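Me: Hi! I have a new structure to look at and would like to talk it through with you. Could you help me find my way around?

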Amino acid sequence: MANTIITKDLLQKEVIRVRDRKTVFLPYVNQDYTGELRQSGDTVSVQILPTLAFSAGTAGADITATDFTITSENLVIDQVQQLAVRVTEKEITQSNLSLVEKVGGRIAEAEGRLIDDAIMNQILVVQVADIPAANKLDSGAPATITKTNVYEKITDLSEALDNQNVGNDMRVLFVAPFVKKFLKQSGILDASDLGLETRYKGYIGMIDGVKVVTTTALNASKEMIMMESGAVNMVIQLDQFKITEAEKGFAKNILAEDIYGLKIFGENAKAISIQYVA
């Protein structure tokens, strides 16, 4: 399949900016193990300490020992994604754009979407079964979000994390734009300085002590996802980009490759709650 490179005589160098989806999930994942796995290996094992409990006994009597069992879970680098675009020297010469640079920019944007989708998919598909049932709200009959109930649904997500003993100071809520709209229309913004700022500047920062982030990545599935920052672990072992001369023919190959892995460790699955939405 051939490229489509426009070469009209008076074509302006201005390019209409594509309305790209913003990458939002990556800043809130844990990448602590990236340094280790960039050096060597494809697996990192993380130790999990046990939960202990007291039991009733008799004062002064022998106490039955409890085994202290440390377990481990693995994060495996097992995802490889690649992209190549071939542009001929003729296309580069005849285009009035910095063609290689523009192709590189579009590859970078595609990479951002790839990583964002991988994180979202890890939560909603790959490891959704690991998230406690009590944290998956209305999974059987997804709720209809309105301006009347949107705040209630957010506090329900917070309550689910509270019940799992998840700290409140590092929570983030991912919502689709339609949820943001209902938040602006809801009564919680009335009679407050925050409400005035939100309506005046269109800014929503914290709701119920939780940072709210809007993403069009959730437009299709519609879920609201609340999690403790760092609940998802991701390692991008290799993030490669290069431009090579084609072996045969007068052309350049613009190549990109990402090698990565994701894992929601058992205890961290408790730090994610999902509101299913119709």
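Me: What share of the contacts in the protein chain with a separation of 6 or more comes from residues 24 or more positions apart?
Reply: That share is 80%, where a contact means heavy atoms within 4.5 Å. Before we go on, please note that this is a predicted model, in which local features need pLDDT of at least 70 and side-chain atom pairs count only at pLDDT 80 or more, while totals for chains, interfaces and linings use all residues. Residues are numbered from 1 along each chain as its sequence is written, and side-chain values use heavy atoms, with hydrogens and water left out.

Me: Thanks! How many helices and strands are there?
Reply: The protein chain has six helices and eleven strands.

Me: How much of it is buried?
Reply: Buried residues are 38% of the 278 in the protein chain. Buried means under 20% relative accessible area, exposed means over 50%, and partly exposed lies in between, using a 1.4 Å probe and protein chains only.

Me: Switching to pockets: what is the volume of the largest pocket?
Reply: About 400 Å³. On a 1 Å grid over the protein atoms alone, a pocket is an open set of points where a 1.4 Å probe fits, with protein on both sides within 12 Å along at least five of seven lines; lining residues have an atom within 4 Å of a point. Points are joined across faces, edges and corners, and the volume is the space filled by probe spheres set on them.

Me: Which residues lie nearest its centre?
Reply: Of the 18 residues in the lining of the largest pocket, T4, I5, I6, L97 and L99 lie nearest the centre. α3 (99-126) gives the most to this lining, with four residues.

Me: What classes are in that lining?
Reply: Nine residues are nonpolar, five polar and four charged. Nonpolar covers Ala, Val, Leu, Ile, Met, Phe, Trp, Tyr, Cys and Pro, charged covers Asp, Glu, Lys and Arg, and the others, Gly among them, are polar.

Me: What about the second largest pocket?
Reply: That one holds about 290 Å³ of space. Its lining includes F54, D62 and I63, and divides into six nonpolar, five polar and one charged.

Me: Now K22: where is it found?
Reply: K22 is in the segment before α1 (34-39). With 66% relative accessibility, K22 counts as exposed.

Me: What does K22 contact beyond its sequence neighbours?
Reply: Leaving aside neighbours within four places in sequence, K22 is in contact with D116 and T215. K22 and T215 are 193 residues apart in sequence, yet 6.9 Å apart in space, C-alpha to C-alpha.

Me: One last thing: what is the phi of D138?
Reply: D138 has a positive phi of about 55 degrees, although it is not a glycine. D138 is in the loop between β4 (136-137) and α4 (150-163), and is partly exposed at 31% relative accessible area.

Methods. Helix = DSSP H or I, 4+ residues; strand = E, 2+ residues; numbered from the N terminus.
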